[in-house]
Amino acid sequence: MTMDIDYEEDMDTEESLGSSELVRAKDILPGSIPILPQAERPFFPGQAIPLLVDPDLWGPTLRVAEEKAGNIIGLLLADVSRSELAATDNFYSMGTACRIHRVGKTDGRLQVLLEGVERFRVVEWASRKAPFIARVKYLPEAKYEEATEIKAYAIAIINTIKELIPLNPLYGEEFKLFLEHFHPNDPSHLADFAASLTTSAKQEQQEVLEAVDLLTRMERVHVLINKELEIAKAQAHIRKKVEDEMQEHQREVILREQLKVIQKELGISKDDRTAEADKFRERIEALELPEAAQKRVTEEMEKFSVLETGSPEYSTTRNYLDWLTSLPWGQYTEDQLDLKQARRILDEDHDGLQDIKQRILEFIGVGIMKGEIAGSIILFVGPPGVGKTSLGRSIARSLGRKFFRFSLGGMRDEAEIKGHRRTYIGAMPGKFVQAFKDTQSANPVIMLDEVDKIGASYQGDPGSALLEVLDPEQNSDFLDHYLDVPFDLSKALFICTANQLDTIPAPLLDRMEVIQLSGYLASEKVEIAKHHLWPRQLERNGLKARGQLRLDTGALRKIIEEYAREAGVRRLEKYLGTIARKAVLKILEGEKPPIHVRTGDIETYLGKPVFVKEKHLSGVGVITGLAWTAMGGATLSIEATRIHSFARGFKLTGQLGDVMRESAEIAYSYVLANADRWGASPDFFENSLIHLHVPAGATPKDGPSAGITIASALLSLAKRRKPVRKLAMTGELTLTGQVLPVGGIREKVIAARRTNIKELILPEANRGDYEEIPDYIREGVTVHFASRYSDVVPIVFEK
């Protein structure tokens, strides 16, 4: 690389040496020198500086220094995070001229040994790109006369260094190197050395470098070296504290081991195995173990007493004995067989559900007559949010029993029910054994949630494993794979919950007493919200002061009818929580309580209604049916129309399932075959393409219960007559015209009441289901029971 730069000798240096002295060539510093940027910290005259530099970035700079600057290079601090980012605008104005003593290569990087010679100040940049070249003015140390103040600072700095040396041995090594090259009475080099010794910020060290006046420099160094002393003292204190704690811990460990040996020699101490064995024996004495369990415990205790504590089988046997002795063998909770108390607790915890509460009271009453409640398996079936789980808790509370709940939803491994065999690492008992251990009672109330959502996989079928658990004839000797001894489950009360019965295996369903929970009426939801949901939301949202937030009954009814129309109350509680949170925000923003939420305010809090009011559709070919869904009952308007008279055909839309499609085909065939009997022309269907549609096309629909509704819609179209009264119907139709029973009668009646339909047609075979519905639901409803379709036609088309 060729550069047209004039490297002048430093005339200031020559002048400072005096005309009477001979000057060695190596002592003459050039007026222009290459600059090597430093990002971490500045360097001082008198320092031996080892540097590692990138050969690609700074190799040319070193070559210029060797070839044209007499091995002199300037180290200059730059205000950047990395040296390769340096530009002339980032450099500080003062640095240290250094002599290059050695350049070597290590692991692909250049290792450079430099000696700090003299301070310099940049006068002008000759090259603003790497390799940086600057014309500089040197700042040699001025001659000074021994001054009291300088001497005092020098002594103070040396004393501080002496205090640092015991705190960190590295300071001692650095000080030895300094004394080998300089005299401690040299205050200039002493100040530079002390500054380089500190870990202070690069800006603070640069201020020391730029302090040409010796007294100013020593003042700054004295501040930095004392800061360093404080830091070193703090580090030493922390280190000593940690070491003391470690030594104390080690001392305690040694003393504890010695104490164990002494106690063992004196016969007043036990080793870990003996202590564990004694603990198990104490537990066994408090239990009433059956013969099989007693025999197994005795065998395991004998084996445990001879095992070495380091043996893998030791921990396996210990865990097994821990489980075996932690179970409540023969430990029962005394039942509170008080019918009045049970009724009070059920009424406290639940509004509505009068028929369900009556069934539960009957169940408890039978237990009172027998003197115990055992061997019963109850199944609550109903839509989400109707109170199935909370009913289980109320039963446990009314009986004074411990309560344990776990969910079977998605369970695919039968080991969750019957445990793992002890041959596996990490083996554990099943959920039922864990339930008895947690409750410490042999007769708890165990709730099995989501029993209709059990899965099956290559790991087994949990539903089949439940057959033994939920069979009163078998569960008195339930055998968990892990325990491998019979355990009596017959005294426990099992309560299961499900949303539907279809997916529960028939043998499992056969073992349960099914109690159906239908949806709540709007009036029941209002009472539940007032007594349970609203107070709970006020407490959860911090609205504890009386009267901070008020909700009108009309507003509550609007939420129920237009936002939370599902069978349960879970969504209703979410909406009430939304109102409470928004009210809290208003109070915090300065609005004075009480905040009164009226009917007209609901849309402000909850947005537009989710449900529009169901309208009763009427007209030729339009009949209202009743449907059951997992969310409760619903009305369903079925529409039939004639598209053209060019060819015969029957088209179905509305995302109908296979069963509902078959039901529609049966209804079409039956009406076609009997059209003249009901006053319709058979030719109407012979020459017509009929389109039957069930609205809400995005919602899947299935089931046979719309048979008579579809037949009535087709007959209305053929007769060109609309129904003579506002009614709804449900029932399965056969090809011979029989009306068969359907499910979900309660939910369907509730759905009809919600849309203000007071006249219904139901299958004769469902008369008993209808009569089981509480009187307050049946009030004001007229029901016609039909055993054949011939019973339906007059009700629909004749006044």
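# Close-up views of salt bridges, a sheet and the surface

**View 1. R82, a partly exposed residue with a relative accessible area of 44%, and its charged partner E84.** Buried means a relative accessible area under 20%, exposed means over 50%, and partly exposed lies in between, as judged with a 1.4 Å probe and protein chains only. This is a predicted model, in which local features need pLDDT of at least 70 and side-chain atom pairs count only at pLDDT 80 or more, whereas totals for chains, interfaces and linings use all residues. Residues are numbered from 1 along each chain as its sequence is written, and side-chain values use heavy atoms, with hydrogens and water left out. E84, which counts as partly exposed at 39% relative accessibility, forms a salt bridge with R82, and the closest N and O atoms are 2.9 Å apart. A salt bridge here is a side-chain nitrogen of Lys or Arg within 4 Å of a carboxyl oxygen of Asp or Glu, and by this rule the count comes to 27.

**View 2. A salt bridge between R217 and D192.** The side chains of these two residues, R217 and D192, meet with a distance of 3.5 Å from N to O. The pair links distant parts of the chain, since R217 belongs to helix α7 and D192 to helix α5 (residues 187–197), 25 residues apart. Helices (H or I, at least four residues) and strands (E, at least two) are DSSP runs, numbered from the N terminus. Both R217 and D192 are buried.

View 3. E764 and R767 form a salt bridge in which the closest N and O atoms are 2.8 Å apart. E764 is partly exposed, with a relative accessible area of 31%, and R767 also counts as partly exposed, at 33% relative accessibility. Elsewhere, R344, E348, D349 and R397 are linked in a network of salt bridges.

**View 4. An open sheet of five strands.** The strands follow the order β8-β9-β12-β7-β13, and their pairing is parallel. Because β8 (403–407) and β13 (513–516) stand at the edges, each with a single partner strand, one side of each is left without a neighbour in the sheet. From one strand to the next, the twist averages 20°, where axes are lines fitted to C-alpha atoms, for helices over the stretch in contact, and angles run from 0 to 180 degrees between N-to-C directions. Two strands pair if DSSP finds at least two bridges between them, and β8 pairs with β9 (residues 445–449) in the parallel sense over five bridges. The bridge partner of F406 in β9 is L448.

View 5. K340 is found in helix α11 (residues 339–349) and is exposed, with a relative accessible area of 73%. From C-alpha to C-alpha, K340 and G577 are 34 Å apart in space, and they are 237 residues apart in sequence.
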